[in-house]
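The following note is intended for a colleague meeting this structure for the first time. Please read the numbered points with the model open.

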Amino acid sequence: MPRRSTAIGLITVYCLLLICLFLSWMRLLHVIWTNPGLIPLGDPNIEKQDTSVRYFDKYSAYISDYEGRPQFCDKCHNYKPDRSHHCRELNRCVRRMDHYCPWAGGIISETTHKFFIQFVFYGALWTLFLLIPTSYYLAERMRIVGDKPSTWIACVALSAIFVVFTGTMFFMTTWNVSINYSTVETVQRGGINNITMLTTRSHRDRRSSRASTTRASTTREKPNVLREVVRDGREYVVFQTQPFDHPWDLGNKANLQSVMGERVIDWFIPLKMSPCVRHEDSMGEFAWSDAVLDMARDWEKDNPGRRIRLVSEWRERSGRSGR
Ligand SMILES: [Zn+2]
């Protein structure tokens, strides 16, 4: 007996899922081709110490080396914004690089991470939808008619393989985003980070410190304070995080929202870019975690009259006068 309404329902859902998969893939490719998040190349004739660090002056804190300079890429001859990584396939540094994906068509990075997650999500849904009805009707056909059409068997086998592949990619990538790690960072998980923070002084304190403005102290007063440095008249403190301190963990929901979007509808529609690509906040390239703020607040307590600009900005935003 023909099951017309079942057939119409199945074909409609199949087409809708296929359209979602196609649109998310097109959006992913569009961003990979137009805005993959590459870091500009530097001049190979200019030495590292002469390369401009002006880009970092707008931030109150940034990831650095032991001496308070931003991280440098020898292959791109330029300083790297926080969480950037050199991609071997592209031979370029990429903002918040996750991985290079030949299946999806290019680099998965800060700008493309959201659309990649949507692509593998709809890929998993579509292949799951292929797998379930085809398996059901294949079993029915084998039972009633007794034949085993090879095209149906191939469809079940291929959809089973791809549902495992895309489903695993979806859950792994979404988990990483929920704990605010890229795939590259999960490999380096547990490591330490050096974070350089801009300090400010009261007028009185500024006068008394004038004689020591060229100081580059290397004494470690606290386990997480590496040194103080002065660059272009600005005073910085170089901190070092403890192993497993996460500099950018904001909690699962906020972590997911920073990539997928603030509204739930944005999580499913492949249109708006991730909020984390804006880089408009002077506190840093990405929002800092409590672990980082705690380090800075502890330093302020030990250094009366001096301020970490990051903490002042945090207090302004949250309307707090003290801790
Ligand atoms: Zn590079």
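**Notes on the predicted model**

1. Asp232 is exposed, at a relative accessible area of 65% (exposed means over 50%, buried under 20%, and partly exposed in between, with a 1.4 Å probe and protein chains only). Asp232 sits in the loop between β9 (225–231) and β10 (234–240); strands are DSSP runs of E of at least two residues and helices runs of H or I of at least four, numbered from the N terminus. The phi of Asp232 is positive, near 50°, in a residue other than glycine. Most residues other than glycine have a negative phi.

2. On provenance, this is a predicted model, in which local features need pLDDT of at least 70 and side-chain atom pairs count only at pLDDT 80 or more, while totals for chains, interfaces and linings use all residues. Residues are numbered from 1 along each chain as its sequence is written, and side-chain values use heavy atoms, with hydrogens and water left out.

3. Asn91 also has a positive phi, near 55°. Asn91 belongs to the loop between β4 (85–87) and β5 (92–94) and is partly exposed, with a relative accessible area of 46%.

4. Is Gly284 buried or exposed? Gly284 counts as buried, at 3% relative accessibility, and lies in the loop between α7 (264–268) and α8 (290–302). Gly284 and Lys58 are 226 residues apart in sequence, yet 8.2 Å apart in space, C-alpha to C-alpha.

5. Helix α1 (residues 4–34) and helix α2 (residues 113–144) have axes that come within 8 Å and cross at roughly 155° (axes are lines fitted to C-alpha atoms over the stretch in contact, and angles run from 0 to 180 degrees between N-to-C directions). The two helices, α1 and α2, are therefore roughly antiparallel, a term for angles over 145 degrees. The contact of α1 with α2 involves 20 nonpolar residues, four polar and one charged (Ala, Val, Leu, Ile, Met, Phe, Trp, Tyr, Cys and Pro count as nonpolar, Asp, Glu, Lys and Arg as charged, the others, Gly among them, as polar).

6. The largest pocket holds about 470 Å³ of space (a pocket is an open set of points on a 1 Å grid over the protein atoms alone, where a 1.4 Å probe fits, with protein on both sides within 12 Å along at least five of seven lines; lining residues have an atom within 4 Å of a point; a volume is the space filled by probe spheres set on the points). Of its 25 lining residues, Gln71, Glu185, Gln188, Ile192 and Asn193 are the closest to its centre. The lining divides into eight nonpolar, eleven polar and six charged residues, with β1 (61–64) and α4 (183–187) each supplying at least two.

Key. Angles under 35 degrees count as roughly parallel, over 145 as roughly antiparallel, 65 to 115 as roughly perpendicular and the rest as oblique.
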